[in-house]
Structure formats: structure tokens, C-alpha cells
Amino acid sequence: MAIFKKNLTSKILSGEAIKVLNSSDQKEKKILEIGCGDGNITQFLIDNQLGNNQFYCSDISEEATDSAKKNIVYDKINIKAGAFFDPWKNFHQSFDLVITDVSSISEPVADKSDWYNGVTSDCGENGLKNVKIILDDVNFFLNKDGYFILPVISLCRLDELYELLKKKFNFVSYSEKVEWPLPEFFKKNIHKFDHLIKKKIISVEYKFGAYLAFTKVAICHKHNNQ
Ligand SMILES: C[S@@+](CC[C@H](N)C(=O)[O-])C[C@H]1O[C@@H](n2cnc3c(N)ncnc32)[C@H](O)[C@@H]1O
């Protein structure tokens, strides 16, 4: 197996998550990251937090959580291996902030890329299989007034994702989108992706000889009565 390498999405997600974490009062908060990989996002939050919060991380890969345990230097951290919310089912507490970075791009694209070599992706053709499972449970694990943060990568079915988030949360805002060029594998295999583009299962733009995708972050706020 292997551990996912920190990428542009990790950085964008870190930047948005720290804004949310530091924007409210500095009472101790509980922050959970699902799909933590080597722990780089949580380590960033720990290094840049204004308060002294309690962090929780999990990943389906034990190799990833072992590496996160080595990398994260902090006393208030709890790291477990397991899928989705499974490691926290008997936790009997809820979280103020849940960040998910579990794989969420169209499977045929993930398969042809080298981003997921040895890393679980399994997100279905429209990229939303994992997000849907997480959305089914997220409100149970969030405190009232809690936040749920996830990346929106244009290599998934965007209109369906926007609808799903709108149904679950009264307040959803999005960060600015950051465009990025898809690596050579995408152009090489374009015959395999053409139908995904036509059916709007993925959204890319062809500009100056390259295919561009984008990443932004959805910030979902749980309303008191949700
Ligand atoms: C896109 S990577 C992000 C890793 C890390 N957050 C980073 O930025 O480097 C997705 C991570 O989700 C994990 N993952 C995949 N399916 C999962 C699941 N069902 N439950 C928990 N983690 C999962 C993978 O092992 C991988 O580490």
C-alpha cells in the first residue's frame, strides 16, 4: 500500500479550515478529520490554531494513521484507523468541526491518475459515493452550531454534490475556486473521459492546450434546529 501525498487540495482545505477554526471564540473545540492520510492538514491546524483544541483523525488505511501518529506532534490528539465515522461510533461525544478529505473524484479518472496508487479511492463513477455515506451520518456527529468542511473538486458530479449539501445544511458557502492543469495522463486518456465530460459527470475546461479542473471548499454550517 501507500500513503497519499499532500497536494493542492490539502493546502486549500487547510487554509479554509483554519479560517473557520480561528474565527469563533477560542473555547476548546473538538475537531475531527476523516481521510487524514499522513496527517498534514491536522498538523497545519495544530500549528496555526489560536486556541488549544482537541483533535481527532482517522483514515481507512492503517499505514496512513501510523504515519499520522509519527508526524503529528501534539498532546491533545487521538488517531484511529477505520472507514468513515466507524472509529468514532462509540465515542459518545460530538465534534465542533468535521473535515473530510476522503477520496471524492470520479473513479475512472482516479484509476488512470497516479494520485491513488496504493491508496483507497472507491468513489464511484460520479465521485460522490464516499461523500454520500459521510453525509448520511455527519449531522449525528456534529455539535449544534458545528461546521462540516469538504473539498469540491470539479472531477465529480458538481450539480448533484451542491444539491446534496443544500439538502443537509441550511448554510453552505464556498471558497474561491482555484484552477489547476490536469497532468498529462488526462489528455492521453481523453477518449476514456469524453463521455464523463459530455454527461457533466466531471467538469473540465480546455484552455491553451491543457485541461483545467478546479478545487474549492464547501463550508457547511449546522443550524441549531437541524
Ligand atoms: C485524497 S486523500 C487525502 C489525504 C490527506 N488528507 C492529505 O491531504 O494528504 C484521501 C484519504 O482518504 C482515505 N480514505 C479512502 N476511503 C476512506 C474511507 N472510506 N474512510 C476513511 N478514509 C478513507 C485514503 O486512505 C486517503 O488517505
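Guide: Let us start with Trp 115, which is found in the loop between α4 and α5; please keep in mind throughout that the model is a predicted one.

Visitor: Why is Trp 115 called partly exposed?

Guide: Trp 115 has 17 C-beta neighbours inside 10 Å, and a residue is called buried at 20 or more and exposed at 12 or fewer, so with its 17 neighbours Trp 115 counts as partly exposed. As for its distance from Ala 81, which is 34 residues apart from Trp 115 along the chain, the two C-alpha atoms are separated by 21 Å.

Visitor: What makes Asp 145 exposed?

Guide: Asp 145, whose place is in strand β5 (residues 142-153), has 12 C-beta neighbours inside 10 Å; since the label exposed applies at 12 or fewer, Asp 145 counts as exposed.

Visitor: Why are α5 and α6 called roughly parallel?

Guide: The axes of helix α5 (residues 129-141) and helix α6 (residues 158-168) come within 11 Å and cross at roughly 10°. Angles under 35 degrees count as roughly parallel, and therefore α5 is described as roughly parallel to α6. On the α5 side the contact is made by Val 131, Lys 132, Leu 135 and Asn 139, and on the α6 side by Leu 161, Leu 164 and Lys 168; by class, these comprise four nonpolar, one polar and two charged residues.

Visitor: What makes strand β2 largely enclosed by the rest of the structure?

Guide: Five of the six residues of β2 (residues 54-59) are buried, which is why the strand is described as largely enclosed. Strand β1 (residues 30-34) pairs with β2 in the parallel sense over five bridges, and Glu 33 stands opposite Cys 57 in β2.

Visitor: Which residues are closest to the ligand?

Guide: The ligand is surrounded by 22 residues, the closest being Ser 10, Gly 35, Gly 37, Ile 60 and Asp 101, and this shell divides into 10 nonpolar, eight polar and four charged residues.

Notes:
Residues are numbered from 1 along each chain as its sequence is written. This is a predicted model: local features need pLDDT of at least 70, side-chain atom pairs count only at pLDDT 80 or more; totals for chains, interfaces and linings use all residues. Axes are lines fitted to C-alpha atoms, for helices over the stretch in contact, and angles run from 0 to 180 degrees between N-to-C directions. Helices (H or I, at least four residues) and strands (E, at least two) are DSSP runs, numbered from the N terminus. Angles under 35 degrees count as roughly parallel, over 145 as roughly antiparallel, 65 to 115 as roughly perpendicular and the rest as oblique. Two residues are in contact if their C-beta atoms, placed from the backbone, lie within 7 Å. Ala, Val, Leu, Ile, Met, Phe, Trp, Tyr, Cys and Pro count as nonpolar, Asp, Glu, Lys and Arg as charged, and the others, Gly among them, as polar. A residue is near a molecule or strand if its C-beta atom, placed from the backbone, lies within 6 Å of it. Two strands pair if DSSP finds at least two bridges between them.
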